[in-house]
Number of protein chains: 4
Amino acid sequence: MKMKRQNYRRTGSCTGAVCVGWNAQNVMWAVTQEIDEELGTDYQERLKSWILMAQSNSLTVAGALTDAKGDRSLKPSQQPDPDTNLRVTGVREDGIVIRGAKHMICGTAASQEIFLLPGGIYGEADKDFAVACVVPRDIEGLTIVEATRPSDRRELEETAHVEVPDTGVTQAYLLFEDVFVPRERVFMCREYAYTAKVIQFFTANYRACIGACVAGQGDVMIGASVLMARANGLSAKTFAGKLVDMSVNNQVTYGLGAGACAIGSRHSSGSFFADPLTAHTNKVMVATLPYEVKRLTQEIGGGIVETGCMPSYQDFSDPEYGHLLQKYLKAGEPSAEARFKAARLSEWLTIGSGVPGCMHGGGSPDGAKLVVRFATPMEEYADFARKIINIEEEMPDPKKPKK
Amino acid sequence: MKMKRQNYRRTGSCTGAVCVGWNAQNVMWAVTQEIDEELGTDYQERLKSWILMAQSNSLTVAGALTDAKGDRSLKPSQQPDPDTNLRVTGVREDGIVIRGAKHMICGTAASQEIFLLPGGIYGEADKDFAVACVVPRDIEGLTIVEATRPSDRRELEETAHVEVPDTGVTQAYLLFEDVFVPRERVFMCREYAYTAKVIQFFTANYRACIGACVAGQGDVMIGASVLMARANGLSAKTFAGKLVDMSVNNQVTYGLGAGACAIGSRHSSGSFFADPLTAHTNKVMVATLPYEVKRLTQEIGGGIVETGCMPSYQDFSDPEYGHLLQKYLKAGEPSAEARFKAARLSEWLTIGSGVPGCMHGGGSPDGAKLVVRFATPMEEYADFARKIINIEEEMPDPKKPKK
Amino acid sequence: MKMKRQNYRRTGSCTGAVCVGWNAQNVMWAVTQEIDEELGTDYQERLKSWILMAQSNSLTVAGALTDAKGDRSLKPSQQPDPDTNLRVTGVREDGIVIRGAKHMICGTAASQEIFLLPGGIYGEADKDFAVACVVPRDIEGLTIVEATRPSDRRELEETAHVEVPDTGVTQAYLLFEDVFVPRERVFMCREYAYTAKVIQFFTANYRACIGACVAGQGDVMIGASVLMARANGLSAKTFAGKLVDMSVNNQVTYGLGAGACAIGSRHSSGSFFADPLTAHTNKVMVATLPYEVKRLTQEIGGGIVETGCMPSYQDFSDPEYGHLLQKYLKAGEPSAEARFKAARLSEWLTIGSGVPGCMHGGGSPDGAKLVVRFATPMEEYADFARKIINIEEEMPDPKKPKK
Amino acid sequence: MKMKRQNYRRTGSCTGAVCVGWNAQNVMWAVTQEIDEELGTDYQERLKSWILMAQSNSLTVAGALTDAKGDRSLKPSQQPDPDTNLRVTGVREDGIVIRGAKHMICGTAASQEIFLLPGGIYGEADKDFAVACVVPRDIEGLTIVEATRPSDRRELEETAHVEVPDTGVTQAYLLFEDVFVPRERVFMCREYAYTAKVIQFFTANYRACIGACVAGQGDVMIGASVLMARANGLSAKTFAGKLVDMSVNNQVTYGLGAGACAIGSRHSSGSFFADPLTAHTNKVMVATLPYEVKRLTQEIGGGIVETGCMPSYQDFSDPEYGHLLQKYLKAGEPSAEARFKAARLSEWLTIGSGVPGCMHGGGSPDGAKLVVRFATPMEEYADFARKIINIEEEMPDPKKPKK
């Protein structure tokens, strides 16, 4: 978590190229131990060899969970197109063949390897989808299509060096067309009964820690807002209340994630996993509070950080009328260009390519609420309440729908 | 208000090219009457002639209020650069000469005329900035620079016809270099004492009605969310609670604006003006609730409506691997292309060029809160409270800072 | 609405003894006209005679809608106990006999008459519950039990004159045991098909106007907070931001209600009814924003306005140690007693008998959201969205649950 | 924290009689070590002896921090009445004499001892107020006046055993009239330079852990809401979304507190202290989220859990008409009495004597925000932002107010 927040502050980007990959390694370390113990497989040993190799070669490892999914009301094996979720299409002596797609995968552009995990909890009918393995990014049969972002065309323009930060979040679609994965890189193959553990462990840690990235982005928004206040000729103190509200929001997602970790527990394999109730609660915060931080960034920055309220740098530096824009965009001690850049930064952070996927990244808040629902011992709480007010009769849910 | 909401639903854009212009005409109708009555000028007659001309020629009239402002801690006449706010630099028999800039002006691209109003409340030292007049968009000496928006480069691409709505909000910087405005088009010139009325009347009506535009945009977001639910293979009913929350937010800004109008009053000139307390309260809502509607749009739509989670249409239709993206992006009955377009629409509405300036458009929420503060009779309320609990002693604010 | 807000400011209480009664008269004026026109009855004439009588005698008229309801999953006629909802048990030449209960009825303690309306929308099986009539408060067979409130025992103590406002909201349970109502006081009897109109008209007007009462209470909370700031030795300006937030919340419920009225329409009978979508939206605000105003009242007031943080006035004036409490409770210019009273007022308004029923008064917010849901033309909005992004294929809800 | 949450669930009350006392012991363990090391005193040894004595005698120890304070714009030594804050009036060979008051002190009614701490950060002029010591509750010269709560009179009624939980939060005013405290019970006496440390350590731990009490109360509110749903004849599942929202709110304050502890650090004395930024952020949450949980409790419970919507138990059991109330209050499987009790519990928890002081308990949210402000490295964040967008010029706050 500390690394994620620090990285965001320094790069203005999430650590997509390592965070899912790291998490996947910890999760599979625990799950492979469970599989091996019960089924006599040697997955953990394979994983250990691969991790040691990756570490000694300083490989950057992205991770991929989310499948294309298709029709959300159908299970993978019920889909009209069986490829809709990544699946094993063949098992050979020396490895397996996989086919399908992983969507919206962060940071593969900056990674050497991609760790693949099953994207859901599967029963026996869906066992072909229970697959975990690791592949090099440039493996035969894998096509990677980078996603696009609202303001990413600016990065291709000549003025990019002035008005776009030299950083950014990447996300990609991974399209697997019968890709062969050697045996020693496979850590789960059709052991569907363990997919629930993968999802449980993965989401707990991921949703605890994701609060740190968005806090780091929020810190940069505080900084950008301080700059904008000054670029507008005002003291940052003018906006102390709003800056504090931003800091409070940032610290909620960070501290709550730290709490989820602290309340978590150690798996017998040595991996640590965050407390699910607290971690999923944090995912709900992550899907809410950063939006408020963005709103405050736009409020502090003034009109020119809002969408559509700034000329392009091409106009700003136009030989004919650029001097007029520069004249009129200067608003205090800082230069017109500093104001231009600071406004661009606030725009980029709040409504441009700098916006990370807080809402569905790491899963949707509705999915998190489902976990909160089942992790909250409501009957136990009802019993506490009953005892406090001395109700002696049982009060179960009504039997069945009447009428 | 009704027109603004209906237009937004039908065009996906605000009515920037008429709304400020209309408002300006109503405001100046009242203010010119006051000036004429007290100073014996003939401004209202000039305005009347011009309005009749504009109406009989069906001219579209944008309006411009916001000056470049410069250093926000200084008054216009104190600015290092006297042009920072639009000002009168010369008065001739046949008209006036103006110089300066109006920033972030909506809809001039679609207008024939631009109605200029003073951007602040001025005292005698700033009388040169007290100017109201109307100019044709193509007047000599006026340079208009359109602002840029995060995703507007997409509109220039070949695929624009597929992935970008054929509409949009425009905003511009108007740069006046000694522009001559004929006498009959000038409706205020240095009568600084009436600038307070201009601002008061203008903001009341503008901030009452702005709730209707954002409600209209919110209606489109509801529609886009219904489409996305179905494109994902789900019933829109799945998200009934969230759709209702969106509708509630839309109706608050719309209905509160209608309330401001209903509580408002008729000026002796015949113009109607909304109740300031209610109108400025609405501006606070407009700077808050649409952000929540956008958040819900992203929540309902799923990952692919979030930033950076969709490939470009160029990739989608690529001859080599486009079929794979199409295969994996199909998620229910609707075609992959329908899903692609619906997701693009949600993105465009929430984080692309379709986002209107709710925060500072029509002035900042902090400015609105200042009006709320002074329009709230706090001492009167304190007296009601004192009477209810029978406190007979006076309870004024403490005399002065001690120590 | 204006009266409701003004009354609250002056009395610290809602106008329970007239508001539902007035509304009932307007609603039944319209509904009786519809019944008479279609069924040839003479209800409106009866109502007119009674209203003229009531007005010439200056009678105060409470109103009663909510039935005991019993098991919420069953209709009235399905309840184990048929009395659970108020019903007609007999029809005679000269009048009707009614039986059952109306719960949580406001202001009967201050009224001479009570106007009874059906509490739900009924089909033929429930026609006995479709009854509207008016009864004097002291009618034979009617038992009225006043409800209790957390701090109401204080009103019975000797110190009541000092520490409790001489006002308050009353609510009662009305228990009807075969009460005879003369024919000329009956305005609906078993015409179940018109109960939907009663509910629709009643809730629209009630939920539009309820925003004015809670705004009035909020105004008193602003006043009490100004007093508390000063009683604590501070300037009210210290809390300007919070006081403005309170005022904004108050004005939202008031102005939105005014908007609902303004957008509303005139019934052919001459009654006016508020716009349902806006009115029910306001009910959602009324169930939310006043809680925030209370929270801010407690925040501004400091610890002693919170629950359990003030001694009783009996202790405050105790001959032995009362002088010590007075010594230590004085905090600025105002006397210790003024601070005591101001703190009591804030407590009474936020957590004592002065709290009105914002949540379920006039119906629950979930009920209001149901109306919002059906009053929002979601399919129409989906079509607007489809048109904006040029999706030509139809996108209906998926046919049926798969699997 | 775990104990605090568990206790609240089991008792419906905070652990006022131990939580501040425990915290005080940990804080003074660290502070006395610092004083002793620098000034050569023997405070820690005295404290150790007293703690060992208290533990071996199983003494319950309350704690007291908040002074009467008087005029909030003046320092203690500037107050017209020097007793306004607790102070040392005499130092003797064998002990000290103290005078003044501690306000709103929790749990002394259930304690044998009271640990007194300085209530603010003091400079040399205020050194007499820098005092920490422990006194038995029944010490000569100490008068304790219990505060009152809105619904506490019910506890004195005959029906208390039915309608009021047999528990509750207590808070008191402690009035010290020249109380002698023996030397061995004094742990700070005029060492004003260390009061900042006391406040810093105390508030960090207190505000981290207070999230656990309010989470515990929130758990009981979830339980009470489950009971109310069923008492109304509905399944608790009907309100799953709201119950989840309550659980999310509870877990935020709990988990964020746990995070503050986890990020905290170990003092050289062995005491652990929570991270200030995170702990004070939690205080802001504690002053906000529980209000939302209460609102939801009232929303789920229906009208009868709101204020003023339930008859008294005296009426409920009245020989003449009580049977009618019982008949009409029954709404599902549970008995009328169970529904009555469950509704009373929800009322008691949300607007009765069961409400704890979330707003100012442990200090006000504005005080906490002040800490957040100074604990947020805004300049550092501005530098990160500047670096990301490549602004090379310095951008400090404007020099000085112009004009």
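Buried means under 20% relative accessible area. That cut-off comes up in several of the close-ups below, and every view is drawn from a predicted model.

**View 1. The ring of D:Phe340 meets the ring of D:Tyr313.**
How exposed or buried is D:Phe340? Its relative accessibility is 1%, and with buried set at under 20%, D:Phe340 therefore counts as buried. D:Tyr313 is buried too, with a relative accessible area of 11%. The two ring centres are 5.3 Å apart and the planes make an angle of 65°, so D:Tyr313 and D:Phe340 form an edge-to-face pair. D:Tyr313 belongs to helix α9 (residues 313-316) of chain D, whereas D:Phe340 belongs to helix α11 (residues 336-351), so the pair ties together parts that are 27 residues apart in sequence.

Over all chains, the structure holds 32 aromatic pairs. One of them joins B:Tyr313 and B:Phe316, which are stacked with 5.4 Å from centre to centre and 25° between the planes. Both residues sit in helix α9 (residues 313-316) of chain B, three residues apart, or about one turn of the helix. Is this pair made of buried or exposed residues? B:Tyr313 is buried at a relative accessible area of 11%, and B:Phe316 is buried as well, at 2%.

**View 2. Three rings in chain A make a cluster.**
Which residues take part? A:Trp50, A:Phe115 and A:Phe187 come together as one aromatic cluster.

**View 3. Two charged side chains of chain D sit over tyrosine rings.**
D:Lys4 has its charged end over the ring of D:Tyr206, 5.6 Å from the ring's centre.

**View 4. Helix α6 of chain A crosses helix α7 of chain D.**
Here α6 (residues 240-263) of chain A packs on α7 (residues 276-286) of chain D, with an angle of about 105° and the axes 9 Å apart. That angle makes α6(A) roughly perpendicular to α7(D). Which residues do the meeting? From α6(A) come A:Ser247, A:Val248, A:Gln251, A:Val252 and A:Gly255, and from α7(D) come D:Leu277, D:Thr278, D:Thr281, D:Val284 and D:Met285.

Rotating by 180° with 0.0 Å of shift along the axis superposes chain D on chain A, at an RMSD of 0.1 Å. That is the relation of a two-fold axis. The same surface serves both copies, since 97% of the contact residues of chain D recur in chain A. Where does chain D come closest to the rotation axis? Look for D:Gly259, whose C-alpha is at 1.8 Å from the axis.

For chain B on chain A, the superposing rotation is 180°, with 0.0 Å of shift along its axis and an RMSD of 0.0 Å. Of the interface residues of chain B, 100% are also interface residues in chain A, so these copies meet through the same surface.

**View 5. A loop residue of chain A touches chain B.**
A:Ala147 sits in the loop between β6 (142-146) and α4 (160-163) of chain A. Its relative accessible area is 15%, so A:Ala147 is buried. What is A:Ala147 in contact with, once neighbours within four places in sequence are left aside? In chain A, the partners are A:Asp152, A:Gln171 and A:Ala172, and from chain B come B:Gly308, B:Cys309, B:Met310 and B:Pro311. For a sense of scale, take A:Asp83, 64 residues away from A:Ala147 along the chain: the two C-alpha atoms are separated by 20 Å.

**View 6. Two loop residues of chain B have a positive phi.**
B:Ser58 is a residue other than glycine, yet its phi is near 50°, a positive value. It sits in the loop between α3 (43-56) and β1 (61-64) of chain B, and at 58% relative accessibility B:Ser58 counts as exposed. The other residue here is B:Arg190, with phi near 80°. B:Arg190 is in the loop between β8 (186-189) and α5 (195-231) of chain B. Its relative accessibility is 30%, so B:Arg190 counts as partly exposed.

Conventions
Residues numbered from 1 in each chain as written. Chains lettered and ligands numbered in written order. Predicted model: local features only at pLDDT ≥ 70, side-chain atom pairs only at ≥ 80, totals over all residues. Heavy atoms only, no water. Least-squares fit on C-alpha atoms with pLDDT ≥ 70 in both. Contact = heavy atoms within 4.5 Å. Phe/Tyr/Trp six-rings, centres within 6.5 Å; stacked < 30°, edge-to-face > 60°. Helix = DSSP H or I, 4+ residues; strand = E, 2+ residues; numbered from the N terminus. Buried < 20%, exposed > 50% of the residue type's maximum accessible area, 1.4 Å probe, protein only. Lys NZ or Arg CZ within 6 Å of the ring centre and 35° of its normal. Axes fitted to C-alpha atoms, helices over the stretch in contact; angles between N-to-C directions. Parallel < 35°, antiparallel > 145°, perpendicular 65-115°, else oblique.
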